[in-house]
Every structure is written in structure tokens, then in C-alpha cells.
Amino acid sequence: MKKTLAVATVLALSLGAANAQEHGPATPLTKPDAEGQKPRAAVTLAPYRFNDILWENDRTAHRIYSRDLEKAEPPSTSGIDAWGKSERWPYMDRQLRTGDQHANHGEGLDFYDVGTGRGAGGLGVWADNKLWTSRNWANWKVIKNGPDVAAFSVDYAPWPVDVDRKVWETRTFTLPLGTNFTRMVSTISSDKPGPLVVGIGITKRKRASGNGVFKKDLAPGRVTFWEPADPEKGSMAIALMVDPASVVEVRQDFDNYLVLIKVEAGKPFVYYMGAAWDKGLDFHTAAEWDTYVTAQKPDFDHKH
């Protein structure tokens, strides 16, 4: 798609969103046919919206952003977006095509604000008391587009760590049916040898209802965050699971709660990111979410 056509399409979608907001409640999405209503894991590229990558299953839904969005709407972020979902079938592509994805058209909505942070499980390299992060994804490849698993990989172009080092990353995302957790296998390469400290983050949130509830249990390598409630749209719950043998500590910067782990440059490592919506399908309280996270049995062997 030519850039001019892409921009025109996005502008049209934006106008659609404005019109929808002006004329009251969101129009319900047209439900898919019987085949389309079956639970499915799916990954989709959205060329009509600056090449967002969308992936979802029967329980959760996510998005990451491309360099095209970065050019059109700076600053953008290589953090991970999370969407509320209230049906078991895929809906993200139809929702995004309305141009009004922030409204609830009956199957869920996009109200999680990644902001300038890591969102739901984006990462960076921690050095000199600071998180050094990549730009948005540069290349991608579908590995499996359902029905039982959504899997893809992305490359992040080299970015600086302090003034004397560059790193780059390839990451594989895998989301099977029946779980709220995406399994990620990341390989961060470097132009210099030596270990790295990676910070995996969750964007902080502050609303009139408070700052939310952040909990850490580093013995099994898990942190959870129950966001403060939006009065109309509810709360998102986020969790991270990392290999407990790699944990350094939990820190905060201006934007994020960060789990710091030690990794070797050029060697794959595994972590998991999960999310749920309290107005959605499975979890409606922080206690329910924490119980679910505690019960998980993650596999941190990158060869599996």
C-alpha cells in the first residue's frame, strides 16, 4: 500500500471515530458467521493502520506498533498494547477497521494506554540506572496463524545502550488457545561481549481511583499489576513471569515497574506476559487474577 493511500485510510478511520463519538453509543460490530464464532488464535497485520500487528486468542488480545506509526505519530513506543475482550472469537481486526477502536462495539475495546512506557511486557536494556529501549519493530514473519496457536517473530533494529554499546533483538511471540499468557523468546545481540541486564516492564498508571496494585513474588519470578479502574471502561490486569534464576531485582523508572534479569548477549531467554480485562470473560477481581498467575507452570527452556 502506498504511503499516501495508507495515510488517507487512517484519516478516514479517524473521522469515523470522531463521528461515532459525536453521534452517541458505538455501533455494534457485525458478528462473524458460525465458523468465525469458533474460538481461534489469530495473528493479523493491519496495513490500513500503519502496519500494527494484532494477536489474540479466546481469552486475551494484544498489539504492537511498526516504524510506520512511529514516523506518522511520534513519539511512538515499542511497548505492548493490551485490549479488553468479551467474546471467545477473534475481533481485533474488525474492531480496528471501525476507526473507533477505543469504544466498545460489543466484543471488547482498546482502552489500555501504553504511553511512553513498556505497556504490557515490553523490554529494554538497563544500564547506568536507565532503561534503553528500541524503536518500533522493523521486520516481522508469521509462524502460525491459528487455529490453535498464534505465533510470529519480529526484529528490532540496533539501538544504543549508553554511549559505547549497541544491541538488537529478535523476539518470537506465541499465544495458544486457553491461556492469558503470551510466551516470548528473545535474543538480544550486541556489538560488544558481556552480560546484559534486561528490564521487562509494565506501564504505571494513575487515575482518580488511585495508582493500582502492584505485587511481586520474586522466588517464582512473577509480578502482577491490577490497574486503577477507569469509571466506564474498567481495569486491565497485567502479569509477567520470568526465570527466577535470572532475576536481579524489581525497580521503577518514571514510566514503568521493571523486573530486571540477567541475560547473555546472543543467547535466547524466555519470559511470559499475560493480561485480562475485569469487564471481560474470566477475571473480575485482583484476587482472581493473582490466583491464576500463581497457578501457572511456565517453561523457560528456549528450546521448547
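Me: Before we start, what makes two aromatic rings a pair here?
Reply: Rings of Phe, Tyr and Trp, with the six-membered ring taken for Trp, pair if their centres lie within 6.5 Å. Please note that this is a predicted model.

Me: Which residues form one aromatic cluster?
Reply: One aromatic cluster is formed by W55, W137, W140, F152 and F173.

Me: And how many aromatic pairs does the structure hold?
Reply: There are 16 aromatic pairs in the structure. In one of them, the ring centres of F181 and Y292 are 6.1 Å apart and the planes stand at 20 degrees, so this pair counts as stacked.

Me: Where in the chain do F181 and Y292 sit?
Reply: F181 belongs to strand β11 (residues 181–190), while Y292 belongs to helix α4 (residues 286–294).

Me: Is F181 buried or exposed, and what of Y292?
Reply: Both F181 and Y292 are buried.

Me: Which charged ends sit over a ring?
Reply: The charged end of K130 lies over the ring of W132, at 4.1 Å from the ring centre. Likewise, the charged end of R205 lies over the ring of Y112, at 4.8 Å from the centre.

Me: New topic: how many cavities of 30 Å³ or more are there?
Reply: The structure has one such cavity, and the space in the largest cavity is about 70 Å³.

Me: What lines the largest cavity?
Reply: Its lining consists of 14 residues, and R59, K85, N180, A276 and W277 lie nearest the centre. Strands β4 (81–85) and β18 (269–277) are the elements that each give two or more residues to this lining.

Me: How many of the lining residues are nonpolar, polar and charged?
Reply: Seven are nonpolar, four are polar and three are charged.

Conventions
Residues are numbered from 1 along each chain as its sequence is written. This is a predicted model: local features need pLDDT of at least 70, side-chain atom pairs count only at pLDDT 80 or more; totals for chains, interfaces and linings use all residues. Side-chain values use heavy atoms; hydrogens and water are left out. On a 1 Å grid over the protein atoms alone, a cavity is a set of points where a 1.4 Å probe fits but cannot get out, and a pocket is an open set with protein on both sides within 12 Å along at least five of seven lines; lining residues have an atom within 4 Å of a point. Grid points are joined across faces, edges and corners, and a volume is the space filled by probe spheres set on the points. Helices (H or I, at least four residues) and strands (E, at least two) are DSSP runs, numbered from the N terminus. Ala, Val, Leu, Ile, Met, Phe, Trp, Tyr, Cys and Pro count as nonpolar, Asp, Glu, Lys and Arg as charged, and the others, Gly among them, as polar. Rings of Phe, Tyr and Trp (its six-membered ring) pair if their centres lie within 6.5 Å; planes under 30 degrees apart count as stacked, over 60 as edge-to-face and the rest as tilted. Buried means under 20% relative accessible area, exposed over 50%, partly exposed in between (1.4 Å probe, protein chains only). A charge sits over a ring if NZ of Lys or CZ of Arg is within 6 Å of the ring centre and within 35 degrees of the ring normal.
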